[in-house]
Amino acid sequence: MDSSVSVRDLRISYGALDVIRDLQLDIAPGEFLVLLGPSGCGKSTLLNAIAGLIDVSDGEVWINERNVTWDEPKDRGIGMVFQSYALYPQMTVEKNLSFGLRVAKHSREDIDKRVARAAEILQIEPLLKRRPSNLSGGQRQRVAIGRALVRDADVFLFDEPLSNLDAKLRVDLRVEIKRLHQRLRSTMVYVTHDQIEALTLADRIAVMQGGAIQQLDDPLTIYNRPCNLFVAGFIGSPAMNFFRGRLEEGADGVRFRGQGIETPLAGYDGDTALLPGREVIFGMRPEHLLFDQDAVGRPGQVEAVVELEEPMGADSLVWLTLGEARLSVRCGSGRRYRPGDRVPLAFDISRASIFDAETERRL
Amino acid sequence: MSDPIHPRGAKPRHLTPGRIGLYAFLVFAAAFFLLPFYVMVVTSFKTMPEIQQGNIFSLPSKLTLAPWVTAWAKACTGVNCEGIRVGVLNSFKIMIPSTFLSILLGAINGYALSFWRPRGGNLIFAVLLMGAFIPYQVYLYPLVRMLSMVSLYNTLPGIIVVHVIFGMPVMTLLFRNYYAAVPVDLFKAARIDGGGFWTIFTRVMLPMSGPILVVAAILQVTGIWNDFLFGLIFAGRDHLPMTVELNNIVNTTTGTKAYNVNMAATILTAMVPLIVYFVSGRWFVRGIAAGAVKG
Amino acid sequence: MNTVTKNRALAVVASAAFGLAGMQAQAADKAEVIHWWTSGGEHAAVMEFEKAFDAQGGDWVDAAVAGGGGDAARTDGINRIIGGNPPTAMQFNTGKQFDELVSNGLLRNLDPLAKEYGWKDKINPVLLNAVSVDGHMYAVPVDIHSNTWLWYSPEVLKKAGLEPPKTWDDLLTDLAALKKDGVIPLAQAGDAWTQVLTFYNVLITQGGKDLYMKIIKDHDVDAVKSPEFLKVAETFGKLRDYVDPGMQGRQWNQAIALVIDNKAGFNFMGDWAKGEIDVNKKVPGKDVGCIPGLGHQTYWVGGDVFVFPKVKSKAEQASQALLAKVLLEPKVQLAFNEKKGAVPVLKDVSSEGMDQCAQKGLALLKSGDYVPSSDILITPDMSGSIQDLVSAYFTDKSQTPQQFVDQFAAIIGG
Amino acid sequence: MKPLRLRRLSAQAALIPTWVIVIFAYLGTILWTIRISFTSSGILPKYDFVGFEQYERLFRSARWIISVQNLAIFGVMFIVGCLVLGFLMAVFLDQRIKGEGIFRTIFLYPYAMSFIVTGLVWAWILNPTLGIQHAMHNWGWTSFSFDWLARGDRAIYMVGFAGIWQSAGLVMAILLAGLRGIDEDIWKAARVDGIPTWRVYISIVIPMMSGMFVTAIVLLAIAVVKVYDIVVAMTGGGPGISTEVPAKFVIDYLFNRQNIALATAAASVMFVAVLVVLGPWLYRQYFRKERRAA
């Protein structure tokens, strides 16, 4: 097995409370893996366990084919970047970068060389003599990344590094991190609760909830074929529309009926057979609903009433009511809708997801 | 209908009765707070006959420095008539190492409890909290005996140990609260950088503890200087701090009470904390707020 | 003490290192003496001891501790004894204060020395009894005090046209007259122990020797509830009307100073007040009058003693022996007690050269008109309770004599 | 089996002095004190067992009862006085005052001085033959009488008064910091709503600063329980025993009256009382929110 980071049978508990239980994770060398989940899902705990910053209750952590479960963080060959930057406030940027090397008693030349290289990569040479308090948020985070860089780490760990930055800077640095990954080809493990970051950066995303990995896949699979209701609901903004109902045998095969909708399910890209009679939840992303002109003549077409419209420039979000259900649709910004307008609506079944109402797994 | 004035531009400002009352209160309060100090100062410059005949609020008719000289170098505590200067020296000898050691210990405790979560940390914390609030009387007698057993009772190191012991709770809480506000990420980063317990303490945490060190120093310097009880019980005759010396001087009289000398000695005793107070200004207030040990 | 401790520590280290304990015999004959004689007269007196001791090869290290009628000094000394760092000698009042130290084996038994110098025949029996526990001598008495005399200013009385009082009724009349004249009638100190002295003066000299012994020695509750004691409580209560508001915060020597300076009429105080009178270049018995008791003239025998804690160092033991011997030498006794205003503890000391007051006292001693001080008879604990009660009563005019009697009975009976 | 980690070891090692102090100087002394309180010890500890005898005696002792009463009088007067005066000063200083810094400095400086100094100074000023009364007589107001310090039934109030003088500035400093911490928008909202200033203080500001008040009260309460120095310096417990306090009771019996059993019984009572009153508060304050994950 060829993996850079491997977590085996991991359990972490505080007292009687299991924060993480029986977790398996293998990360390939050079892979960019994102741990994604709502707060409290255990993603940061997992990252800290990989870093050796918290003690595991059971299981093993391997880095580069070495069992490091009980090793000190500094001996694991990792670099880490924190949400709050965690720069040493009393040290200049240069000292911040070199602190770990100085503690490890590297030679002066070596230190200078490494600091210079990191500074060059991150373009922070002019900042070297400054104190963190004199830096902007973006600059601080670059320095924090630089601190991980100088360690020549095999594995980089990012703990929500962009969450404290404003929206524009976040985008800039996101690109920068991706560029860095392409340049260094190091393994990177990245924790975030921001799905855009996850989708844009990751080779693979591990969606976590309740201390367990729900789904570990490449971004598009996660987006298009969420393995359960939680993942489906968590990924995507605005969230996927869900309709409760049941599967029924119809003339044209299995149909979905519920909450004022009735649509044939031909063309559904499923994992298991759709058995009639089952209670299910039918999910459609707002951008996958067929709307207005697109919907005309489609099977299962219904008529929805516009509640309100949110124009967003590139496209618009329209909130509709359909029977007692409320749903959102993403559409082109070419046409304006007024509250009360009645518009046709249909479903692109090939992009739908259907979940068992009981197990919440994708069918 | 009164004259229609059309409001325009800056609103006219009056010294309203309310404001006058406000200032009156403040001035009155200030007078109340200053009165004792005023009495101390004027009395210390008066001669004894003037004190006995005149009243405590009047200014000295003839300035005399003699009470100050006496208080400093000649006032008697018991048979020793060396003035309060002995106590000054003792107070410094007690205060400096006690302040240093208690802050050091408090900083280490606060740091260890905040970041390292050692086994039994909660117990330590609970006991220290208790220690900060419980009257000292509960500890005194056994402590006297314990210090006697290790031959520290009535010695300079003994009184320093006592100050360190009883300074520890507040110092620990102070540093614990301060370090609790430091992002844990910083500590984690330092660990990734390979810092051990002491490396992180000395090279990361202490350098960024400047403000709290100042606050701690103010608290300890004034607290230890103003201590009476421990000095009385633990210091031993040769290391009595200034407060105890002062009380002895005041209570040692040959003939009539030398109020002027006593007042001069009192002012001298209050001098160090007052200087700390006036120099540190805002920091002193911060010290009070910090000493309030919020959770 | 710093240097002393250091030297002692060095000595211990040295002897441990070389095993030559005997070597230091001549090296350090230092004797650290804890006492609380810190007022002017007392200080002059204790210097007599120091001079004599040093003259005979000793090295007196003075460790006076002021305050609280000896409380501070005793605390200091006791803690050091318990803590294993005892002084060479320390002062106590006669009585039960050091009993517990004896029963715990912390004090040196002085029987061998007593035998060598024949002390048991020479020392006044009241005091000998007071320093003995189970027939063994554990302390050296150094002076005999009458703990409570009535002092007055002849000049103040003359100005008011009054005669020195002979009875308690006289005194109360005089006090009332002085009060009317705007003079401080009774100069009383604020410290509780001084108020206790005043109380005992009333008890012994108005109530009489027997009442005192019944109550204080035998703890006879019926005696407390007797009409005689109620009368004592009433008289003592009446004195409350004749103190001035400046009492609170005044010390004993300031109180007697008011009489010495003719600013007040009367003061109850032990005969150590003479020390203050001497310091002010006045003559006791002449410039300041002394009355050993209105009604029953009685000498209230108390005194100061020195105990010698057990010490390990041979040199220090030698120091103790020397000091004990010096303290009881007739010459030293005379010189000390003259300055102290007390009477020597040795029976055969002549009264020649003593002031009038001391003569009066000595006469009472010889005639058997004396009682042991309450310190000798009751524990410090009970003594403290009495002090609390007496002081509370004396400073709170709303308390009635009957209340005082009831509470007193509770203490004595409890 | 988990190995003992090096980092834990050095953290534990660094805490050895603390552990020694906690175990011996705090826990050990408390247990020892409680143990002695159940004996008949006099000047030296004697390890017999006499049950609650000392406690019974303690609560029969007039001096202890008076001490406890005095503590209650002093405590209420001191805490209420400091809070009222401190709050008024803080509010008045918060009105954009000229010379605020000077006033603040004046109000707080007594707090820098020891209780010994405070006690001595006020003892002089309140001394009837020397202080205010004397001064008034001097100025011709001969009927003026102010001798509370010399009166057994009033002296404790004077001690409380001196205490307020010393510590009111502390409350002022804490509450002023609290007032400054209040969101400006609250004031703006109240102004827009037309609520009078005093009403805002009563109904909005004081409740918002409840934490600050609690802090101040706790600090003052600690001072109350420990009160000793100021009594020693100001009255020595007198006149009579009218200004005795529990802390002084313990010290006196411990070191002067040679009854350590009674003294330790008194100390144990103080200990338990404080624990009962403060324990729940401390627990709530510090341990309920002890959930910060490392």
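The model is predicted, and chain A contains eight helices and 20 strands. Along the principal axes, the C-alpha trace of chain A extends over about 80 × 45 × 35 Å. Of the 363 residues in chain A, 43% are buried. When contacts in chain A with a separation of 6 or more are considered, 65% of them are accounted for by residues 24 or more positions apart.

Chain A is divided into two parts, with domain 1 covering residues 5-234 and domain 2 covering residues 241-356. The centres of domain 1 and domain 2 of chain A, taken over C-alpha atoms, are separated by 39 Å. To the contact between them, domain 1 of chain A supplies six residues and domain 2 of chain A supplies five residues. On the side of domain 1 of chain A that touches domain 2 of chain A, three residues are nonpolar, two are polar and one is charged.

Within chain A, four strands form an open sheet in the order β2-β1-β4-β5, and their pairing is antiparallel. Strands β2 (17-27) and β5 (66-67) of chain A stand at the edges of this sheet, each with a single partner strand, and therefore one side of each is left without a neighbour in the sheet. Strand β1 of chain A, which comprises residues 5-14, runs antiparallel to β2(A) and is joined to it by seven bridges. In this pairing, A:Y14 is placed opposite A:L17 of β2(A). Helix α1 of chain A, formed by residues 43-51, packs on the sheet and touches β1, β2 and β4 (58-63) of chain A, while the direction of the helix makes about 115° with that of β1(A).

A further antiparallel pair in chain A is made by strand β9 (residues 204-209) and strand β10 (residues 212-217), which are joined by five bridges. A:A206 has A:L216 in β10(A) as its bridge partner. The two strands, β9(A) and β10(A), form a hairpin in which two residues lie between them, and A:G210 in the turn has a positive phi of about 60°.

Turning to the other chains, the contact between chain D and chain B involves 73 residues of chain D and 65 residues of chain B. On the side of chain D that touches chain B, helix α2 (residues 16-37) of chain D gives the most, contributing 13 residues. By class, the residues on this side of chain D comprise 54 nonpolar, 14 polar and five charged.

For chain D, an unreviewed UniProt entry places the feature "transmembrane region" at residues 12-34, 71-93, 105-125, 155-179, 200-225 and 260-283. In the model, residues 71-93 of chain D are 100% helix and 0% strand, with the end C-alpha atoms of the span 31 Å apart. Residues 155-179 of chain D are likewise 100% helix and 0% strand, and the end C-alpha atoms of that span lie 35 Å apart. UniProt also lists, in an unreviewed entry, residues 68-279 of chain D as "domain: ABC transmembrane type-1". Over residues 68-279 of chain D, the chain is 75% helix and 0% strand, and the end C-alpha atoms are 20 Å apart.

Note on methods
Residues are numbered from 1 along each chain as its sequence is written. Chains are lettered from A and ligands numbered from 1 in the order in which they are written. This is a predicted model: local features need pLDDT of at least 70, side-chain atom pairs count only at pLDDT 80 or more; totals for chains, interfaces and linings use all residues. A residue is buried if 20 or more other C-beta atoms lie within 10 Å of its own, exposed if 12 or fewer, and partly exposed in between; C-beta atoms are placed from the backbone. Two residues are in contact if their C-beta atoms, placed from the backbone, lie within 7 Å. Two strands pair if DSSP finds at least two bridges between them. Axes are lines fitted to C-alpha atoms, for helices over the stretch in contact, and angles run from 0 to 180 degrees between N-to-C directions. Ala, Val, Leu, Ile, Met, Phe, Trp, Tyr, Cys and Pro count as nonpolar, Asp, Glu, Lys and Arg as charged, and the others, Gly among them, as polar. Domain bounds come from an automatic or database domain assignment. UniProt positions are given in the numbering used here, feature names are shortened, and annotations may be inferred rather than shown by experiment.
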